[in-house]
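Good morning, colleagues. I should like to take you through one structure today, chain by chain, and then turn to its metal site.

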Amino acid sequence: MTSQPTPAEQTPAATGRAQWPLWEVFVRARRGLSHTHAGSLHAPDAVVALRNARDVYTRRQEGVSIWVVPAAAITASSPDEKDAFFEPAADKVYRHPTFYVVPEGVAHL
Amino acid sequence: MYGSDFEDPETVGQPGASALLDEVESAERDLHEAAARTVATGGSTGPGADAALQDYFDAVIAADQKIEPRDWMPGAYRKGLIRQIAQHAHSEIIGMQPEGNWITRAPSLKRKAILLAKVQDEAGHGLYLYAAAETLGSSRDELVELLITGRQKYSSIFNYPTLNWADVGAIGWLVDGAAIVNQVPLCRCSYGPYARAMIRICKEESFHQRQGFEILYTLARGTAAQRQMAQDAVDRWWYPSLAMFGPPDSDSTHSEQSMAWKIKRFSNDDLRQRFVDMCAQQASVLGLSIPDPDLRWNEERGAWDYRQPDYAELFRVIKGDGPCNRQRLRHRRQAHEDGAWVRDAGSAYAAKQAARRAGKRATEQVAAA
Ligand SMILES: [Fe+2]
Ligand SMILES: [Fe+2]
C-alpha cells in the first residue's frame, strides 16, 4: 500500500531477509499518570524492543515505566478516527453529572 | 520579534532560542486545544462517498485539527508527506557523520560526552521520523533502501566536511540553529504523527544549538589561534547554512499546495530572514563576524539586509557534486551492510525463543492430556 514504486527485485528485502516487527511504545511519565503512546520502533523481540524504547524515547528521564506492544497485536476501533462506533455515547448526556439539576441548598453532591 | 530586540549583550545568552522554544510550547498547547474542538462540518459521511471524505478532510485542516494515520487523505497529501518526512529522517541519520568525525578527538571528556549525547539525539530524531513516515504506509526497509541507493535526498548541508573542532561549534550554532527555525513551524503541521515528532525534536534541538554556541563562545575568548579557528569555521558554514532554507521563493516548487494543506507554514525566504536576524544579533554576542559584506540593519524593514547564498552551488551539491556526497553515502551504505549480521542474529534468536516456547507449550499440553 505504499505510494513509492520500489523495484523490489533490487532490494535486499527481496533476498528473503525479513524486517524486524513493529512495536508500539507506551511510557508512564511519572507515578500517578497512565502510560501514554510515545511512538513506535522495530525490534526482533520484546526484550530488545524494551531496551530500544528506553534509548529512543526516554533519553531525558521522560518515563518511570515502559510498555512495548507488538503493533500487529493491537485491535483498533475503526478505519478512521471518527466513526459510528462512538455514536452510542453521543446521545447519553445523562452519563455526565452536569445533566442533573441540583436543588438549592444541597451540599456535597 | 527576532533580532529587533537588542538587549544588553552581556545579559543575553542566546536570544531567539528561548523565543523559538516558546513557539514549540504554544504549538503543543494549540494541538491540545484544537483537539478539544469538534470539527464543524462534514457530518454524515458514508463510506465510499469520496466528495464527503474530501469535505471532511478539508474541514479538519480548516479547523487546525490533525489528520491521523487511519483517516482518509488525498493521495498526493500522503505521497508528499512520505517523501518529506523520509528525507527529513535521512538528514538526521546522515547528519550524524560530520560531527561523529570529532567524537574521538573532542578536546575534553566533557565535550566528548556532550557530543556523543548530541549525535545520539540525531539518531533518535531519525527514528522518530521514520516511525512517523511508516504510519503513512511505507516500510522502514524501503525508506532505508531509498536513502542508500541515492534515490531519495537528505539535506545538502551534510555534504560539507568538518575540518577542525571549531566546525562542531559552527554546526551546532548555525546548522542546528537553521534546523530549529525550519522545524519549529512544522510543530503545527497538519499531520498528527509528524507534528508530534517535531515537538519532541525541537525540544531536544535547543540543547544542540546551545552547546555549539558555547563551543564558539569559548574559542572566541581563547588564544588568538582559537579565535581564528572559530571565525574560520563560521566563515565556511555561514552560506551553506543559509542555503538550508532552500531556493528563493521565486523558484520554489510545490510550496503552494503544501501551504494549503498546512504542512508548510512559512516561505523559504521568510524563514531565511528569520534565521539571519537571529544570527546577526548572536554573532555580536560571540564577538565573531558573519562573512557577509552586505549585512546591515534595515530600519525600514525592521530586518537585516543580507547577501543571498549561491544557489547554483546548492543545486550542484544536491545533484551529488558537493565535497563529501560520495563519502557520506558510501559510509551509510557500509554501516548498513556491516549491521546485517546483527539484524539477522536478532531475528534468528527471536525465532529460536519462539520455537522453544511453542515446544514447551506442546509438551505441557501432552503432559496434561
Ligand atoms: Fe536533529
Ligand atoms: Fe540537532
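Chain B is built from 14 helices and two strands; here helices are DSSP runs of H or I with at least four residues, strands are runs of E with at least two, and both are numbered from the N terminus. Please bear in mind that this is a predicted model, in which local features need pLDDT of at least 70, side-chain atom pairs count only at pLDDT 80 or more, and totals for chains, interfaces and linings use all residues. Residues are numbered from 1 along each chain as its sequence is written, chains are lettered from A and ligands numbered from 1 in the order in which they are written, and side-chain values use heavy atoms, with hydrogens and water left out.

Let me stay with chain B. Its C-alpha trace spans about 85 × 55 × 40 Å along the principal axes. Of its 369 residues, 53% are buried; buried means under 20% relative accessible area, exposed over 50%, and partly exposed in between, with a 1.4 Å probe and protein chains only. The chain exposes about 16,900 Å², and carbon and sulfur atoms supply 55% of that area; such areas come from the Shrake-Rupley method with a 1.4 Å probe, and for residues only the protein chains shown count as cover. Among contacts in chain B with a separation of 6 or more, 78% join residues 24 or more positions apart, a contact being heavy atoms within 4.5 Å.

One residue gives a sense of distance. Ala354(B) belongs to helix α14 (residues 340-368) of chain B and, at 34% relative accessibility, is partly exposed. Its C-alpha atom lies 48 Å from that of Met259(B), 95 residues away along the chain.

How confident is the predictor in chain B? The mean pLDDT is 89, and 91% of the residues reach 70 or more; pLDDT is the predictor's confidence in each residue, from 0 to 100. Confidence is lowest in helix α1 (residues 17-36) of chain B, with a mean of 77, and highest in helix α9 (residues 224-243) of chain B, at 98. Over residues 1-15 of chain B the pLDDT is below 50, and this stretch has 26 contacts in the model beyond near neighbours in sequence. Residues 40-47 of chain B also have pLDDT below 50, with five contacts beyond near neighbours in sequence. Where pLDDT is low, the predicted coordinates should not be read in detail. The model as a whole scores ipTM 0.84 and pTM 0.86.

I now come to the metal site. The iron ion (ligand 2) lies 3.3 Å from the iron ion (ligand 1), and Glu122(B) coordinates both. Because Glu122(B) sits in helix α5 (residues 109-134) of chain B and Glu205(B) in helix α8 (residues 192-220) of chain B, the pair ties together parts that are 83 residues apart in sequence. Glu122(B) is buried at a relative accessible area of 5%, and Glu205(B) is buried at 2%.

A word on the cysteines. The search of the whole structure finds zero disulfides over all chains, a disulfide being a pair of cysteine sulfur atoms within 2.5 Å. For Cys202(B), the nearest cysteine sulfur is that of Cys187(B), 3.7 Å away. Cys202(B) is buried, with a relative accessible area of 2%, and Cys324(B) is buried at 5%.

Finally, chain A. It has one helix and three strands, in the order β-β-α-β from the N terminus. Of its 109 residues, 24% are buried. In strand β1 (residues 22-28) of chain A, five of the seven residues are buried. β1(A) runs antiparallel to strand β2 (residues 36-42) of chain A, joined by six bridges, and it also pairs in the antiparallel sense with strand β3 (residues 65-70) of chain A over six bridges; pairing requires at least two DSSP bridges between two strands. Val25(A) stands opposite Gly39(A) in β2(A), and its bridge partner in β3(A) is Val68(A).

Key:
Donors = N, O, S within 2.8 Å, 3.2 Å for Na, K, Ca; no water.
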